[in-house]
Each structure stands twice: as C-alpha cells, then as structure tokens.
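Thanks, everyone. I would like to take a few minutes to walk through one model, going from individual residues to the cores and the open spaces. Please have the sequence and the coordinates on your screens.

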Amino acid sequence: MTERMLPVKEIADSLGITEDHLNYYGKYTAKLSLALLEAPPQPPRGKLVLVTAITPTSHGEGKTVVSIGLAQAITRRGRKSIVTLREPSLGPVFGVKGGATGGGRSRVLPSEQINLHFNGDIHAVTSAHNLLAAAIDSHIHHGNALRIDVDNIWWPRTIDMNDRALRHIVVGLGGKANGVPRESRFVITAASELMAILALASSRQDLRRRLNDIVIGLNVDGGIVRAGDIGATGGLLVLLNEAVMPNLVQTTEHTPAFVHAGPFANIAHGTSSVISQKIALNLADYVVNEAGFGADLGAEKYFDLVMPACGIRPACAVLIATVRALVHQGSSPADAAGANPAALRRGLPHLARHIENLRKFNVPVIVAINRFPGDREEELRTIGSFCRDRGVACAAIDVFEQGGAGALELADQVMAAADGVDLGQVRPLYDRELTLEQKIGLVAREIYGADGIHFESAARRKLAMFAAAGFGHLPVCMAKTPSSLSDNPALRNVPSGWTLTVSDAFLAAGAGFIVVLAGTVLLMPGLPRVSQASRMDVDDDGNIIGLG
C-alpha cells in the first residue's frame, strides 16, 4: 500500500506548532522542542484515552491499529486528536511480530523509518546504557575507589535484538589488562532501565535526576552505589539529549502522531513517553495512548506506575476484544483452532474479568470489538450482547480496512465517556504506604486472580533489602507472561486455584519502581525457529520488502 504523506511541517501547522519548536529529521519526521511543555493550559486542554486489550494471542489483537484508527475517527468528527505510541524494537520487528506501525488504512508513516532505527532514539538508549556499564568496569579497573562489590553489580549490558546467547555471560576474561572477570548478562533495550527512565521523565531536569539516581549495585559494605557516584550522569545526558525529544509523524489520514520511547509491557511499564503525552494534551482535545499487551499488564502499570508519577489521569479506557482471542481463551490446547463453536462463549468470562479489572481504577470502560477477516456477524453480536448485558458500552470496528471511518461509533462513545468523567475519581489500585509484598499481593489477587503468592527465597531477600535501603515506597512493576492472566502461559481464560510465584526482583531506582519477576519471564528474548528476518529483503532499487 502506497500512501501520500504530507510534509511534517503541515502536520505541525495543524497543531499550531511553530518552526521554532521543530527539529527536522528529513521531510516527514521531526523532533519536538521540550519548550512545548512550558506554560501549559490549566487545566490541560485534552483528555487522555487509554487503549488496552484482553490477553492477546501471539500475533496481537490490534492495539496499535485501533489506537491509530480511533484517533483518525475522532478527527473525522471534527475534534483535534493526537495518537501517542511507543517506538518499535528491532527485537520483535525481526522476531515473531514484524513491524509495529499499525496496518491497512490505520498506520503511522513513514512506516519503514519508524520500524528501523527511528531517528536514532533506541540506539541512543542502547549506547547510554552501555556507556554506564563500561564506566562501572573502568572504575573497578582503575582502582575501585568506590569499593564496588564485583559480586553485586546489578547493571547489565543491552542490545536491541533478540539474542538468547547473551542472557548469561562472563566479562573480563582477557587477563588483568582487560578488566575483572565477573558474571553479567544482557537485557533487550526495551527492558533497560534507561528506556523506562526516558519514557517516565517529565523534563530534562527530571531526566538528569533519574539518571543520577540509578543504583548500579552495592559496595563491599553493603551500601548502594549510584550512577552519579561514578560521574556517569553527564555522559548519559549527552547521549540522550535528542532522544528525550518526542517524534512527530502522521497517520495514513494525516492525523498527528507522537511516537516516542519503547518500554515493553511484560517486563517494563509499556507505554509512550510522559513528555509526548503531556505535550499532546496541551495541543489536542483527545490524546489516544496505547498501553502494551493485555490490561493486566500495560493498563495496570499505567494506573499504578505512570499515573502517580506524572499526574495524567486517563478519562476513558478502551478495551480491545477479538473473536480470535476469545476463541483461544475458550479453547483447550488440544482443540483444533476454531473447531469448537462453543469456544467463543466459553471465552467470554475472560473478557468480563478484564472489564472488572479496569473498573477497579474507577475509569469508564468501552469495549472495541476489532473485526478480523473471517469473523462472522453472529460472533460479533455475541460479544456485543455480552457487553451490553453487563452495562458496558461497545462498538464493532474495522479500522484496518476502513481507517477512521471504521471507528466512528467508537469515537462517539469515547468522547462522550471522556467528557463526562470525574477525573478526580480515577485512582490507582494501591497506596504507596503499603509494603512491597502487600502491593504484589494486591496486583496478584485483584488483577491476575491468584489465590496465593509464593516468594522464592532470593526474591524475598531482595525485596527486604530494597525496603531496608529506603525503596519500600516505590510501586511494583510486575514482569510476567503476556499470554495468560496468570504467571503460566499455558493457563487460559480465567484461571483459578493457582499461586503466583515471585522468582526474582530488581531495583530500578531511577525509573522509580521495583521490577518483580513472576514465574518464568525473560528480559532477553530469543529469535523463533523461523523469524521475520527470513521474510525480508531489499530489491535492486533499495525498496525494503516484507517489513510491514
């Protein structure tokens, strides 16, 4: 599909953004000056609409395409809208999912540039992260004045690629001149604390504070050592100086889009940058913001991590449901795909659980039934009737084929709900004063439906250490499988009678949360047997094939 793009200057003009606030990256993309954060309207002009989903299948249920299509539909209704999205990681792009810029008539453009090396942001995060790692080993090599305990260095290295061979490594094997031998690891860049910091920072000053506060490990006396202690903060800021600026692009219908930062939702907090959302709320009537994976991950973390940190309260939550995902939830692993006509009805309690979970944050919920080719009308009506019987607004949409025209009913419902909400009533699930174990327990029971929580000894020791060091007030960022409400990817629908296993925990003091690993979750994914990379190529004219 070939789309006509407008020069990015015209997209900026539609928002009233002047040349002084644009840093052009070619004809169709630009970075936005952080001066746009200054003198915001009080109260902010716009309302934030959070787009989430039921538990997705491995290919996703269309959060990005629906977010784009909804923003386009709001624009068609004569209101000013902006869609705020995360930047794609090269790991999934070359792994299972491929490109992450939407699809059909609801895409962000230029898609290939956004999917690959987009304005250098993720590379800047990777470089900054590894600069800090290099500075730590260099400090130790040159005398270790801070008396860093080489057995308690928590800062890994990172790369923006799925590479399972890097999950557990040993560095410094080249002799005395080449560093102290020690065990370490790589995480994918989307799981780097620097990515979370970039996404959560509210200004350059806040970015500096967060970078300075990164805890890289312990000294030999058990005291914490921060990035600021080894003099790394300034260098990190230099590498992130342009990456902290949001990227302005456009959708297939020329609706403005801010694409910025890319934390995963299963191992980080999973939404676009706070800076991009705040600027968007100053410029538009409605800001459509995507939160990754299911509502048990991206949405929960928005309400419990992002919202308390930045003060942005969603005015409405759009919950995406698909026939495909509900049939999957209502099927057993032994069933043939789509073979059981009752599977859809058996999967409906899964939808009900996500609705119930979102209502716990006291936010209006609207179900968007994302239509896929082959879905039957009776299946869509079954989902719609189920929602209406429970007092939940819903709309069937087809933004892939129709663009914004395929989500006009959803747009009307979203605007009505957002305009009528009392934002003061929107609240997180838990208070900061609770202990870390209590916070974990509330998320596990109230959101995942666990009957109990088991803390493995290493995780319990770490949580106690973090609390004793003064970090017990931080929220918890749960890292678990996105394939189930539980911590076991094989458990479908609404699992019961199960126990959440907390296997490990990491301190992300700069980001402002504790990462809690539940079950088996990997911070460095691996490529599948047949990756998307094998389907891509470049023709003789330099055109990329197979990326979308």
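This is a predicted model: local features need pLDDT of at least 70, side-chain atom pairs count only at pLDDT 80 or more; totals for chains, interfaces and linings use all residues.

Let me begin with a term: a residue is called buried when its relative accessible area is under 20%, exposed when it is over 50%, and partly exposed in between, with a 1.4 Å probe and protein chains only. Residues are numbered from 1 along each chain as its sequence is written, and side-chain values use heavy atoms, with hydrogens and water left out.

I also need element names: helices (H or I, at least four residues) and strands (E, at least two) are DSSP runs, numbered from the N terminus.

Now to the backbone. Asparagine 119, in the loop between H4 and H5, has a phi near 55°, a positive value in a residue other than glycine. Is asparagine 119 buried or exposed? Asparagine 119 counts as buried because its relative accessible area is 11%. Phenylalanine 293, in the loop between strand S16 (286-290) and H10, also has a positive phi, of about 55°, although it is not a glycine; its relative accessibility is 24%, so it counts as partly exposed. A further backbone feature is the cis peptide bond from leucine 109 to proline 110, with omega near 0°, and proline 110 sits in the loop between strand S6 (106-109) and helix H4 (111-115).

Next, glutamine 250, which belongs to strand S14 (residues 247-251) and, because its relative accessibility is 0%, counts as buried. What does the side chain of glutamine 250 join in a polar contact of 2.9 Å? The partner is the side chain of histidine 254, where a polar contact is a pair of N or O atoms within 3.5 Å; within protein, one must be able to donate a hydrogen and the other to accept it, and residues adjacent in sequence count only if both atoms are side-chain atoms. A polar atom of the glutamine 250 side chain also lies 2.7 Å from the backbone oxygen of leucine 6. If contact is taken as heavy atoms within 4.5 Å, and neighbours within four places in sequence are left aside, the residues in contact with glutamine 250 include Met5, Leu6, Tyr28, Arg107 and Leu109.

Let me turn to helix H6 (193-200). Eight of the eight residues of H6 are buried, and these buried residues pack against helix H5 (121-141), helix H7 (204-213), helix H9 (274-283), H10, S22 and S23. The N-terminal end of H6 is capped by serine 192, with a side-chain oxygen 3.0 Å from the backbone nitrogen of leucine 194.

On to the cores. A nonpolar core here is a set of buried Ala, Val, Leu, Ile, Met, Phe, Trp, Tyr and Cys residues joined through side-chain atoms within 4.5 Å. The largest nonpolar core has 180 residues, and among those with the most contacts inside it are Leu70, Leu351, Val367 and Ile514. Helix H10 (residues 295-310) gives the most to this core, with nine residues. A second, separate core has five residues, including Leu90, Val93, Leu116 and Leu547.

Finally, the spaces. On a 1 Å grid over the protein atoms alone, a cavity is a set of points where a 1.4 Å probe fits but cannot get out, and a pocket is an open set with protein on both sides within 12 Å along at least five of seven lines; lining residues have an atom within 4 Å of a point. Grid points are joined across faces, edges and corners, and a volume is the space filled by probe spheres set on the points.

The second largest pocket holds about 980 Å³ of space. Of the 40 residues that line this pocket, the closest to its centre are Trp154, Pro156, Arg185, Lys462 and Phe506.

The structure holds one cavity of 30 Å³ or more, and the largest cavity contains about 90 Å³ of space. Its lining includes Glu87, Leu90, Phe118 and Asp160, and the largest share of that lining, three residues, comes from H5.
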